[in-house]
Amino acid sequence: DHITFPAFPADWNALAVATDTTTKPTCGTDPRTKTTACGQAYVLLAGRGIVAESELVLTPKSATNPVGGEHTVTATVTEEKTKIVVGAVVTFVITGQNAGVEGTCTTTKGAADPTCATDETGGVRFTYEDKNGVGEDTINASVTVHGSTEHATATKQWIEEPAQETTTSTSL
């Protein structure tokens, strides 16, 4: 590697990490061995419709709804894919049609959570409103656990609601 990225914007994702770096801020799952690999990103990826996940997972991964509504994703943070992480602060950034729109966090049971910290299930919910109409959003989430930053994305498609058919009847 000639250059690595110890940090990068929230709407970018690491596609490859160099594991021989002095710091290891980014982790992901090695596609071949299915084990966790940590290091500094050296290949980054950004754009529309990209869905990434690591030990931070967003659900649903994609959704489609009529314009003007709300959308909620649940972020779940684990270590080694099975150990729940409690109290990790998850950051959410919306890009696309509703770029910059802010939302609110709640626990998985629905209680207000202004810090967006994971609860006893390892989860936190993020809800935002469609403010800009038809289009696609990417929900970018990130969390730092033990010095390593994990990223995940989900997509949201806002569509026009189909017009309701009206029926009239006439009596003779």
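Two rings of Phe, Tyr or Trp (for Trp, its six-membered ring) form a pair if their centres lie within 6.5 Å; planes under 30 degrees apart make the pair stacked, over 60 edge-to-face, and the rest tilted. By this criterion the structure holds three aromatic pairs. The model is a predicted one, in which local features need pLDDT of at least 70 and side-chain atom pairs count only at pLDDT 80 or more, while totals for chains, interfaces and linings use all residues. Residues are numbered from 1 along each chain as its sequence is written, and side-chain values use heavy atoms, with hydrogens and water left out.

One of the pairs joins Phe92 and Phe126, which are stacked at 4.4 Å centre to centre with 10° between the planes. Because Phe92 belongs to strand 8 (residues 90–96) and Phe126 to strand 10 (residues 123–129), this pair ties together parts 34 residues apart in sequence. Strands are DSSP runs of E with at least two residues, numbered from the N terminus. Phe92 is buried at 13% relative accessibility, and Phe126 is buried at 4%; buried means under 20% relative accessible area (1.4 Å probe, protein chains only).

Another pair is edge-to-face: Tyr128 and Trp158 lie 6.2 Å centre to centre, with 85° between the planes. Tyr128 is in strand 10 and Trp158 in strand 12 (residues 148–159), so parts 30 residues apart in sequence are tied together. Tyr128 is buried at 2% relative accessible area, and Trp158 is buried at 0%.

Phe92, Phe126, Tyr128 and Trp158 form one aromatic cluster. At Trp158, the charged end of Lys156 sits over the ring, 4.6 Å from its centre; this description requires NZ of Lys or CZ of Arg within 6 Å of the ring centre and within 35 degrees of the ring normal.

Methods
Helices (H or I, at least four residues) and strands (E, at least two) are DSSP runs, numbered from the N terminus. Buried means under 20% relative accessible area, exposed over 50%, partly exposed in between (1.4 Å probe, protein chains only).
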